[in-house]
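Please look over the sequence and the 3D structure shown here, and keep both in view while you read the briefing that follows.

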Amino acid sequence: MRIDVKEAAEFLRENNDYLILMHASPDGDTLGCGTALCGALQRLGKNAKAVCPDEIPHKFDYLFNACTEQDFEPKTVVCVDVADTKLLGDMKEVGDTAKLCIDHHVSNIDYAERTLLEAESAAACEIVFDIINELGVRFDAALASSIYTGVATDTGCFKFSNTTPRTHKIAAEMIELGADFVNINYEMFDMKTPGRIELEQAAMKTIRYSANGHIAVIYAPFSMINSIEGIDSDDIGALASMPRKIQGVDIGICVKEKKKGEYKASIRTSQRIDCSKIAQKFGGGGHERSSGCSFYEGTIEEAADRVVAESEEALRKAGII
């Protein structure tokens, strides 16, 4: 059942003992949503905890200043920024019991009893921002930092085409309310660990081009990832944006080996191509400019070849090649 912000807030007021699920391979938006919503519910006197199936990179530790640890038996599952329970990894079965999903992905499969979906929102944190206001919770610096992190990261520090005037207005309000935007922007967009530099160098050595330079592909096999010390899931995830940064590339593809025989293809595109349609061909999804899909057989090269073939078809349909 699709609901609006008022109905979502009413549901959250009427229930308690919340388990808020954030997706695997967590990014700033799902973590910002989870910690902000958790903190807001706790400020209303509710029991709430925000949980992620994967280890959370340490650079996001500050987000958990928005909420406190509580010991209780969860009764009400809420998913944030999760379009499909497959994205919950080992917690998929828990996600299948969700009473509420708050999301902005057009590919959402409506798995929850109630779905608040606003595909026009640049980040799911924009929706959580509205819910917190509807709940009547006053923003403090910690809540503001969580929301700011979500809108900043899902827009590439306000550079991506999904950025709207509303996005900037929310970010500005969060800054006024104390969001630590200087340190957040440094941590999210500028700082790189020595391990990440080494990983990027290794991955760029694998680059190959297709479609007269309109497609660029890089690989991150398990052996490469395991050979580099001091990296985490965020370092690995950052590889996804690298191929699209190359001049003339309309479709950037990064294929990572998550474990033996399991691969994730991350796709990033220019405004001329909707990459969610490419990902959907392989059971994946996401946004128009940022999507992904998984493969569970063959080699990493074969997985990449399948995405490249579909990408070339998309370029032909768009009249680019």
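Ser-121 is found in the loop between β5 and α4, where helices (H or I, at least four residues) and strands (E, at least two) are DSSP runs numbered from the N terminus. Ser-121 is buried, with a relative accessible area of 4%; buried means under 20% relative accessible area, exposed over 50%, and partly exposed in between, with a 1.4 Å probe and protein chains only. This is a predicted model, in which local features need pLDDT of at least 70 and side-chain atom pairs count only at pLDDT 80 or more, while totals for chains, interfaces and linings use all residues. Residues are numbered from 1 along each chain as its sequence is written, and side-chain values use heavy atoms, with hydrogens and water left out.

- Not counting residues up to four places away in sequence, Ser-121 touches His-104, Glu-126, Ile-127 and Arg-166, where contact means heavy atoms within 4.5 Å.
- Thr-155 has its place in the loop between α5 and α6 (165-176), and at 0% relative accessibility Thr-155 counts as buried.
- The residues that Thr-155 touches, again not counting those up to four places away in sequence, are Ala-122, Phe-160, Asn-162, Thr-163 and Thr-167.
- Pro-74, which is found in the loop between β2 and β3, is partly exposed, with a relative accessible area of 31%.
- Pro-74 is in contact with Asp-17 and Leu-19, leaving aside its neighbours within four places in sequence, and although Pro-74 and Ile-20 are 54 residues apart in sequence, they are 9.4 Å apart in space, C-alpha to C-alpha.

**The five-stranded sheet**

- Five strands form an open sheet with parallel pairing, in the order β2-β1-β3-β4-β5, and two strands pair if DSSP finds at least two bridges between them.
- The edge strands of this sheet are β2 (48-51) and β5 (114-117), each of which pairs on one side only.
- Neighbouring strands of this sheet are turned by 15° against each other on average, direction ignored; axes are lines fitted to C-alpha atoms, for helices over the stretch in contact, and angles run from 0 to 180 degrees between N-to-C directions.
- Helix α2 (residues 28-43) packs on the sheet, where it touches β1 (18-22), β2, β3 and β4, and the direction of α2 makes about 165° with that of β1.
- β1, α2 and β2 make a right-handed β-α-β unit; a crossover is right-handed if, with the strands pointing away from the viewer, the path from the first strand over the helix to the second runs clockwise.

**Strand β1 and its partners**

- Strand β1 is mostly covered, since five of its five residues are buried: Tyr-18, Ile-20 and Met-22 point one way from the strand, and Leu-19 and Leu-21 point the other way.
- β1 and β2 pair in the parallel sense over four bridges, and Leu-21 stands opposite Val-51 in β2.
- β1 and β3 pair in the parallel sense over five bridges, and Ile-20 stands opposite Val-78 in β3.
- Strand β3 (residues 76-80) also pairs in the parallel sense with strand β4 (residues 100-103), over three bridges, and the bridge partner of Val-80 in β4 is Ile-102.

**Helices that pack together**

- Helix α4 (residues 124-135) and α5 pack at an angle of about 150°, with their axes 8 Å apart.
- That angle makes α4 roughly antiparallel to α5, because angles under 35 degrees count as roughly parallel, over 145 as roughly antiparallel, 65 to 115 as roughly perpendicular and the rest as oblique.
- The contact is made by Cys-125, Glu-126, Val-128, Phe-129 and Ile-132 of α4, together with Ser-146, Ile-147, Gly-150 and Val-151 of α5.
- In helix α7 (residues 181-190), Ile-184, Asn-185 and Met-188 are buried.
- Seen down the axis of α7, its buried residues fall within an arc of 95°, so they line one face of the helix; the arc is that of the directions from the helix axis to the C-beta atoms.
- The buried residues of α7 pack against α5 (141-153), whereas Val-182 and Asp-190, on the other side of α7, are exposed.

**The six-stranded sheet**

- An open sheet of six strands has mixed pairing and the order β6-β7-β8-β9-β11-β10.
- The edge strands here are β6 (208-210) and β10 (285-286), each of which pairs on one side only.
- Strand β8 (residues 251-259) and strand β9 (residues 262-269) pair in the antiparallel sense over eight bridges, and Lys-256 stands opposite Lys-264 in β9.
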